[in-house]
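Look at the structure below before reading on.

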Amino acid sequence: MFDVVVVGAGPGGSITAKTCAENGLNVLLVEKRQEIGVPVRCAEGISKSALERFVEPKKFFISREVVGAKIYAPDGTEITLSEERAGNEVGYVLERKVFDRYLAKLASNAGAEVLVKTTAYAFERKDGIVRVKLRRMGEEWEVETKIVVGADGVESRVAKAFGIDTTLKPNELESCVQYLMTNIDFDPDYCHFWLGKSIAPGGYIWLFPKKVGANVGIGVMPSLAKRSPKEYLDDFVSERFPNGRIVELVAGAVPVCGEIESAVADNLMLVGDAARHADPITGGGIANAMKAGYYAGKVAVEAVKRGDFSKNFLKRYDKLWKDDFGKDLARKRKLQQKLIKMDDETLNKIFRSIPKNIKELSVRAIVLEIFKKHPKLLWDIKDLIL
Ligand SMILES: Cc1cc2nc3c(=O)[nH]c(=O)nc-3n(C[C@H](O)[C@H](O)[C@H](O)COP(=O)(O)OP(=O)(O)OC[C@H]3O[C@@H](n4cnc5c(N)ncnc54)[C@H](O)[C@@H]3O)c2cc1C
């Protein structure tokens with residue numbers, strides 16, 4: 001009998017398990033993969049402040065530090081943002097193979113039981129508790145728990161098992177492909193982003209520098225893309241990095257649907273990608289997954305103290321994550337819906353209207369400058385940005 005069973009040892013699950021265990025709960029963290037963090041399905045970027053809110057940065061899980069972001073319009077016009085102004089994905093480029101494992105180790109050190117190569121495949125609620133069926137290498141068994149935390153990523157099955165429909169429509173996700181590339185030429189002090197319907201419909205191409213080489217990837221919105229993300233990425237790579245070598249390939253999806261109504265049910269909380277907590281504009285989800293994991297852990301501790309695992313009680317978790325970043329998800333989803341309609345020529349115009357001598361290059365300052373010159377261009381989305 002556990003107080004909490006956490007399904008999935010990504011950043012969301014490990015921070016949940018750590019928070020619960022530090023506060024004296026009896027926690028089981030299960031991960032279906034045999035190695036935590038492998039294969040990496042991430043460009044591995046996170047802002048310094050987002051990381052440092054939860055973990056002390058360590059050299060062994062940071063692959064590279066960057067000073068900002070360079071963003072390119074379809075015609076190549078470039079703007080540079082400093083790290084503090086570039087959003088939640090720019091600052092550190094992690095080594096997630098090591099980072100995810102480190103977070104799970106912190107959970108284990110705090111007292112959580114961690115099981116790898118273990119899949120939670122069925123859930124049965126009865127008499128106010130949950131029976132979780134687990135499978136590892138052909139062996140099957142059951143554990144009982146008061147609370148399940150579904151931190152099982154974008155393909156979450158836990159949500160459905162508890163009656164929460166988190167199905168994503170083709171315009172609510174980014175379909176991604178990424179290469180780890182070597183033998184390419186780029187400025188390693190920056191993360192780089194290329195925008196444009198012709199380059200990545202409904203998404204963008206990124207380059208995140210690593211100690212050796214860089215993560216070069218693409219996200220496209222399936223409702224807008226005419227080809228597979230790999231085809232768009234291959235076009236870009238063969239033109240820009242003709243001598244580049246691909247040493248790893250990953251594919252994955254990111255939820256970009258914005259804020260969901262609720263991430264709780266009786267005996268259940270969802271965190272991170274399972275709760276669709278990723279940023280609808282950038283697709284970044286590590287920071288919010290860790291925040292959500294922390295809040296879920298705190299609420300689990302209170303629930304166990306009170307002996308109340310009802311949806312009604314667990315709703316305080318909804319309030320915590322919504323107060324922190326829910327509104328931001330909703331606003332960015334609206335903004336994303338406007339931006340994906342923008343054609344390449346408008347994007348070029350916007351980038352070209354940003355003066356080179358602008359002092360404070362924040363998104364707000366840029367928008368104000370564009371407004372002065374072309375009020376019509378951004379009229380529709382001004383309220384979402386300012
Ligand atoms: C190509 C790509 C690039 C990205 N780049 C960035 C980036 O640069 N910065 C950023 O912030 N975000 C990025 N993201 C998003 C980021 O990777 C996710 O938002 C983040 O990993 C979410 O963390 P999580 O803990 O919610 O889920 P995950 O990290 O997905 O972890 C879920 C875990 O649950 C396990 N699991 C699933 N089902 C079960 C089960 N039934 N039983 C046991 N275990 C199970 C999985 O194996 C997995 O380990 C990117 C995503 C993709 C696809």
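Axes are lines fitted to C-alpha atoms, for helices over the stretch in contact, and the angles between their N-to-C directions run from 0 to 180 degrees. Two packed helices are described by the angle between their axes and the distance between the axes. The model shown here is predicted. In this model, H1 and H6 pack at an angle of about 30°, and their axes are 7 Å apart.

**H1 and H6**

- Angles under 35 degrees count as roughly parallel, and H1 and H6 are therefore roughly parallel to each other.
- H1 passes H6 in a right-handed crossing.
- On the H1 side, the contact is made by Pro11, Gly12, Gly13, Ile15, Thr16, Thr19 and Cys20.
- On the H6 side, the residues in this contact include Ile286, Ala289, Met290, Ala292, Gly293 and Tyr294.
- Sorted by class, the contact of H1 with H6 has eleven nonpolar, six polar and one charged residues.

**H1 and H3**

- H1 also packs with helix H3 (residues 96-109), at an angle of about 15° and with the axes 8 Å apart.
- That angle makes H1 roughly parallel to H3.
- The crossing of H1 and H3 is left-handed.
- H1 contributes Pro11, Ser14, Ile15, Ala17, Lys18 and Ala21 to the contact, while H3 contributes Asp100, Leu103, Ala104, Leu106 and Ala107.
- The residues of this contact divide into eight nonpolar, one polar and two charged.

**H6 and H7**

- The axes of H6 and helix H7 (residues 311-339) come within 9 Å and cross at roughly 155°.
- This crossing angle makes H6 roughly antiparallel to H7, since angles over 145 degrees count as roughly antiparallel.
- H6 passes H7 in a right-handed crossing.
- Asn288, Lys291, Ala292, Tyr295, Ala296, Val299, Ala303 and Arg306 are the H6 residues that meet H7.
- Their partners in H7 are Phe313, Leu314, Arg316, Tyr317, Leu320, Trp321, Asp324 and Phe325.
- By class, the contact of H6 with H7 holds eleven nonpolar, one polar and four charged residues.

**The shell around the ligand**

- There are 39 residues around the ligand, and Gly8, Gly10, Gly153, Gly272 and Gly285 come nearest.
- Two helices, H1 (11-22) and H6 (286-306), are among the elements that give two or more residues to this shell.
- The strands that do so are E3 (45-46), E9 (119-126), E12 (173-182) and E16 (245-255).
- The shell divides into 16 nonpolar, 14 polar and nine charged residues.
- Where does the ligand lie relative to domain 1 and domain 2? Domain 1 (2-56 + 95-168 + 257-337) and domain 2 (64-91 + 170-254) both give residues to the shell, so the ligand lies between them.

**Backbone details in two loops**

- The peptide bond from Val38 to Pro39 is cis, and its omega is near -5°.
- Pro39 is found in the loop between strand E2 (27-30) and E3.
- Lys117 is not a glycine, yet has a positive phi of about 55°.
- Lys117 lies in the loop between strand E8 (113-115) and E9.

Key
Residues are numbered from 1 along each chain as its sequence is written. This is a predicted model: local features need pLDDT of at least 70, side-chain atom pairs count only at pLDDT 80 or more; totals for chains, interfaces and linings use all residues. A residue is near a molecule or strand if its C-beta atom, placed from the backbone, lies within 6 Å of it. Helices (H or I, at least four residues) and strands (E, at least two) are DSSP runs, numbered from the N terminus. Ala, Val, Leu, Ile, Met, Phe, Trp, Tyr, Cys and Pro count as nonpolar, Asp, Glu, Lys and Arg as charged, and the others, Gly among them, as polar. Domain bounds come from an automatic or database domain assignment. Angles under 35 degrees count as roughly parallel, over 145 as roughly antiparallel, 65 to 115 as roughly perpendicular and the rest as oblique. A crossing is left-handed if the near helix is turned anticlockwise from the far one by less than a right angle, and right-handed if clockwise. Two residues are in contact if their C-beta atoms, placed from the backbone, lie within 7 Å.
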